[in-house]
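Hello,

I am handing over the structure we spoke about, with notes on what turned up in it. Please look at it first and then read on.

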Amino acid sequence: MFRWDQVWYYLFQDPNFTFLQAAWITLWISVVAQAIGVVLGLILALMRTAKFSPFRWIAGAYTWFFRGSPLLVQVLLLWTGLPKVIPMALLPQWACVLIAFSLNEGAYMSEIIRAALGSVDSGQMEAAKALGMPYGLAMRRIIIPQAMRVIIPPLGNEFNNMMKTTSIASVIGLMELAGTAQVYGAQIFITFELLIVATVYYLLLTTIWEFIQRWIERRFDPGRTNVAVDEVMQKSFSQRVAGFGG
Amino acid sequence: MFRWDQVWYYLFQDPNFTFLQAAWITLWISVVAQAIGVVLGLILALMRTAKFSPFRWIAGAYTWFFRGSPLLVQVLLLWTGLPKVIPMALLPQWACVLIAFSLNEGAYMSEIIRAALGSVDSGQMEAAKALGMPYGLAMRRIIIPQAMRVIIPPLGNEFNNMMKTTSIASVIGLMELAGTAQVYGAQIFITFELLIVATVYYLLLTTIWEFIQRWIERRFDPGRTNVAVDEVMQKSFSQRVAGFGG
Amino acid sequence: MTLEKLDNSPQNASNGPMVRTEQLVKRFGSNLVLNGVDFTVDRGQTVVIIGPSGSGKTTLLRCINHLEKIDSGRIFIDGQMVGYREQNGKIVEDSEKNIARMRAQVGFVFQRFNLFAHMTALENIIEAPIHVLRQPKDEVIERARVLLDKVGLANKEDAYPHRLSGGQQQRVAIARALAMNPKLMLFDEATSALDPELVGEVLKVMRQLAEEGMTMVVVTHEMGFARDVADHVIFMDKAQIVEQGSPQQIFNEAQNERTRSFLSRVL
Amino acid sequence: MTLEKLDNSPQNASNGPMVRTEQLVKRFGSNLVLNGVDFTVDRGQTVVIIGPSGSGKTTLLRCINHLEKIDSGRIFIDGQMVGYREQNGKIVEDSEKNIARMRAQVGFVFQRFNLFAHMTALENIIEAPIHVLRQPKDEVIERARVLLDKVGLANKEDAYPHRLSGGQQQRVAIARALAMNPKLMLFDEATSALDPELVGEVLKVMRQLAEEGMTMVVVTHEMGFARDVADHVIFMDKAQIVEQGSPQQIFNEAQNERTRSFLSRVL
Amino acid sequence: GNAPVSTPSTGIPTTKATPNVTAPGDIMKAGTLVIGSDTTYTPMEFVDTKSSNYIGFDVDLITAMAAHMGLKAEIQKTGFDTIFDDLRNKRFDVVISSVTINDDRKKVLDFVPYFNAGESLLVQKGNPKNLKSVSDLCGLNVGVQTGTVEKSDLDTGSKACKAAGKSAINETVLQSQTDVVQLLATNRVVATYQDSPVTDYYNKINPGQFEVGGSVVNSAPYGIAVRKGDTAMLTAMQKAFAAVKADGTYDNLFKTWNFSAQQKQS
Ligand SMILES: Nc1ncnc2c1ncn2[C@@H]1O[C@H](COP(=O)(O)OP(=O)(O)OP(=O)(O)O)[C@@H](O)[C@H]1O
Ligand SMILES: Nc1ncnc2c1ncn2[C@@H]1O[C@H](COP(=O)(O)OP(=O)(O)OP(=O)(O)O)[C@@H](O)[C@H]1O
Ligand SMILES: [Mg+2]
Ligand SMILES: [Mg+2]
């Protein structure tokens, strides 16, 4: 007894656009948290290569904690834990979710950015130095733009995941897609049906994102990066094994 | 009013080893699902480079669905959805979780493996072919062993994530770490405290895994792979910018 | 899928030329890379191919062992058609198994060595004899050590490729090809990725092979080597063989304007 | 952090040598790579450094513009100490800003070109003049076009590096260095990653620079070039300068046994 | 030591009931009654952290009823979201999980009413805002659990507020009752609204922290749910329930779990 009528209603007939609104919440939280996560990740990645060892330790411990513990706990630490310590610190739901997601994403992005910076041929930094560029300028003008090409595919994965992970926000009552399905479904026991509705929206969001990602990838690939990365990236495996005759 | 006593009790005094048992469930589900996911991912990755286009489409659609929809929904599709279609198909909790996690992980691993296979220098396949190796033998003896080196770091990330994601299993009543915290916390309203206990176990598991991963990485790195990848990997960014004087 | 009972011994040689191509045509998209190439390599000969960059030298070598498919024409190695077979009067691509079997009898040495990066020098050499020819491991190891000695690397059997210099890697690559007991060796600019000082040691090994009577096709920019070692020199330009003959004929008495202008630039 | 008002014009030249090193010592771990090297490059001279692989040639060049720190000794460019300064009688490493300022006056051409992969040929050339020297964009572009023309690539300004041949990339790299109006150019095997046929076009540009009076230090394996263009040839081996003098002295009348044996191998 | 807070000893019937109710044949054969329950709802169904057994009023009741059918009771923990799908999919035979009977639910399931739960407000000690009923909650932050009748009642009350020209009730809707109570502990809400047994139980194990605001309202029955149209099972459950009432077990459970007699199902 699957309530197709309910699926149909919430997809196409709902005058309140309940799920459209929920998708909007999912989307903006994901976008903002991902953006902050990228910036944080860059800072952490640079800290981990710093000469000043306390920077390295702080960045290391940060990454250890945020990658090692569940995001749910991180959200609840802000939502339930923080007010237990500082009674006045009653962050609203969206703030708890946004902060926890951003901090968490920063830890994951730092690993990605670190690997990407490392993949830029060392000759590029040397050439920049030899032309008299100070470290900061060389990073900004030469290294980071080239690292972008390697960052974008895993960043795309992260963002894809992020949109689905926002479902954790429903634990503290934020009505994104999964939470909406649960709250609207629980009254008459059609949670499963409404999760299917939510899934349609998720698939829509992730599919659109896939196209955007492809487009960004092409944009950051004008004059491909160094030869080493080129050889790795350029010839896709399919191209190469396709040549195998018979 | 944070119940430290309860945290302490469940960490060190609990004669039933409740959380230790829960950690064990988290662990074995993660390990088995990850293992199946790797095998599936390899098959899908090879399908996506196949000459036979229906293989490519199937693999593409599979990846699209499993990466685009929330894992929670995938679990519920097996738990609640499947018996609605086939009344006899009452899979037990562990089976639903294991199947859904494995299928999902397969989709993510296929992307990782595809990229890794593509990163093995094309000259390696050429050399294998020139020595008279058929495709399968060349893959097995030459390409896959070298791709392992590139696969292991993101695979490590996946497994790290997997352990925390098993919390989704609690939705259908499987008592892994997060579910245990919820159920045991309900008696005297200390879910938050018990999530902290669960977090300690998660951190333990992820930290141990980090060490194992490092060890595996070193094992798969005896005669580093091709020059291109070498240049990318070998000189870490830190080493290289460390040389920057003043 | 491995190939059992492959007879790689020299006894099954017939009497015609070792390699013969007929009107070989190869395109990459609209780019005509081999425009009707006919040539012949006799048994025991060393044929050197020279020519400007992009003239199709590498592509020709790669077609010979079917690393590239051809668009028309035919290639025979030891009298056997390469990569294709006749079926009901039509020419169709050969089976993967047959192509692999043919390749196992032809050694190919690449410009960039392409040693298996995850295997030591010795493991690189024994891999194909054990897994393709199914020869007993002990015997293969023994023969591999002899070959390593021959190329002057007896003490490097446990080194991984990245620990070897370019010249050493290339010599291991040659030993790896020789371990299959090939009837024919193809060299594609085997020394051009090497530091000038390392070139000599590789050329020495190649020279020795030629003296021992191996049939070889060598693409190279080392004119000194071509002059000394080649039985026959082929000059290619713009997808065609422009001129061929003895080293004396090509280097000292070239007839064709393009040959002369090329040689004036590289000698 | 950029460097404003950098005077890169030739007027501020003093009268001593352009480069002078005193007892330069450089170690990598326990490996002694430069063992007390003293040498001098006079204004307008082209000094060519030759020597076997691993003798320290690259390291010497890299020390000159402080891409490597040195263990002891001193380096002066145009009378100024490089990379270090005296402070309360002790020698300390110079500030990042001062080091960058010094490097901006020295052009370095790498063996592997190292063009910025995400920028066109023109963008590669104008990047540092605009962002390091803070020169007006219009002027810089104009000058960059003149330089591209000079190295024979006027029609390639919009090409990305991966669309250029090795020889073309190297010429863009030279133009990029020249766009900074350097007082000194350092070349590290600028042609050794190139196909033989492409070497000539890069050497031609270097030869022209030498004729125009640029002060140059050139590490190369091209003995022909060394003989023709060098004012002074330095032979290095095992971390030391073994012999130096005019090309005539080195190539025809070498005194040292190691020099003679090296030259016999590469000539 | 630090053993978990003691809970009432389980009220599993002392009278070894002789089987006097016939269950449907397939279940008789299996010998066990499989019961679905979301065991995170103290004191009705939850885990005894000392023994790791499922306990609570509902658990004790259904165990006693099963005994009357000569069956062993086996609780299967499940999420509340999918609990009726799971029942219809025959993952269990019946559901006892503090399910409030309402018209929507009666359309798809059959119920045996067994308990009259009311709804009550939990508020800060001393009831500083003097909250006595839903109509006092206009414009205030209130916590409530997903899928409960209290959630519907707050929605209705919120509309009434707006109709009266006041601000709507600002609901925070969470999936677990434990989390809902935490909202009050961290002052995120001024009141939480839940079934009266839960309110009472919380006050009992955390004396002096909160108090009940106003009185219990809207008594509505909890029901044991069986699949729609499964008359054999429905009849068996009705008979078993009558049996536990008749032999005094039902009354004993009210004493064990300290509920007021008002909440008995007549
Ligand atoms: N895989 C390929 N796809 C498309 N074009 C190719 C491919 N391989 C070679 N070509 C083109 O075919 C032509 C001949 O190339 P080939 O490598 O055979 O020349 P070559 O004589 O070996 O030159 P070199 O001396 O530079 O190695 C060139 O124009 C080249 O760009
Ligand atoms: N970054 C480094 N770390 C450790 N050792 C180094 C490093 N760079 C160079 N060396 C070592 O220093 C020595 C001199 O190297 P250098 O590159 O200066 O030689 P070279 O004369 O330029 O040789 P080649 O002709 O091969 O370029 C070598 O033994 C080399 O292995
Ligand atoms: Mg070639
Ligand atoms: Mg060097």
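**What was found**

The shell around ligand 2 is made up of three nonpolar, eight polar and two charged residues. Please keep in mind throughout that this is a predicted model.

**Ligand 2 and chain D**

In total, 13 residues surround ligand 2, and the closest are Ser53(D), Gly54(D), Lys57(D), Thr58(D) and Thr59(D). Thr58(D) places a polar side-chain atom 2.6 Å from an oxygen atom of the ligand. A polar backbone atom of Gly56(D) is 3.0 Å from an oxygen atom of ligand 2, and for a backbone N or O atom of Ser55(D) the distance to an oxygen atom of ligand 2 is 3.1 Å. How much of ligand 2 does the protein bury? Taken alone, ligand 2 exposes 640 Å², and 61% of that is buried by the protein.

Two elements of chain D give two or more residues to this shell: strand 2 (31–41) and helix 1 (57–64). Helix 1 of chain D provides the largest share, with three residues.

**Ligand 1 and chain C**

Which residues are closest to ligand 1? They are Ser53(C), Gly54(C), Lys57(C), Thr58(C) and Thr59(C), out of 13 residues that surround this ligand. For Ser53(C), a polar side-chain atom lies 2.5 Å from an oxygen atom of ligand 1. Gly54(C) comes in through its backbone, with a polar atom 2.8 Å from a ligand oxygen. Ser55(C) also has a polar backbone atom facing the record of distances, at 3.2 Å from an oxygen atom of ligand 1. On its own, ligand 1 has 630 Å² of accessible area, and the protein covers 61% of it.

In chain C, the elements that give two or more residues to the shell are strand 2 (31–41) and helix 1 (57–64). Here helix 1 of chain C gives the largest share, three residues. By type, the shell around ligand 1 has three nonpolar, eight polar and two charged residues.

**Confidence in chain C**

The mean pLDDT of chain C is 89, and 94% of its residues reach 70 or more. Over residues 1–7 of chain C the pLDDT stays under 50, and the model has 22 contacts beyond four places in sequence for them. Residues 9–13 of chain C are also below 50, and this stretch has four contacts in the model beyond near neighbours in sequence.

**Chain A**

The unreviewed UniProt entry annotates "transmembrane region" over residues 20–45, 57–79 and 190–212 of chain A. What does the model show over two of these spans? Residues 20–45 of chain A are 100% helix and 0% strand, with the end C-alpha atoms 36 Å apart. Residues 190–212 of chain A are 96% helix and 0% strand, and their end C-alpha atoms are 33 Å apart.

**How the chains meet**

Regards

Note on methods: Residues are numbered from 1 along each chain as its sequence is written. Chains are lettered from A and ligands numbered from 1 in the order in which they are written. This is a predicted model: local features need pLDDT of at least 70, side-chain atom pairs count only at pLDDT 80 or more; totals for chains, interfaces and linings use all residues. Side-chain values use heavy atoms; hydrogens and water are left out. A residue is near a molecule or strand if one of its heavy atoms lies within 4 Å of it. A polar contact is a pair of N or O atoms within 3.5 Å; within protein, one must be able to donate a hydrogen and the other to accept it, and residues adjacent in sequence count only if both atoms are side-chain atoms. Accessible areas come from the Shrake-Rupley method with a 1.4 Å probe; for residues, only the protein chains shown count as cover. Helices (H or I, at least four residues) and strands (E, at least two) are DSSP runs, numbered from the N terminus. Ala, Val, Leu, Ile, Met, Phe, Trp, Tyr, Cys and Pro count as nonpolar, Asp, Glu, Lys and Arg as charged, and the others, Gly among them, as polar. pLDDT is the predictor's confidence in each residue, from 0 to 100. Contact means heavy atoms within 4.5 Å. UniProt positions are given in the numbering used here, feature names are shortened, and annotations may be inferred rather than shown by experiment.
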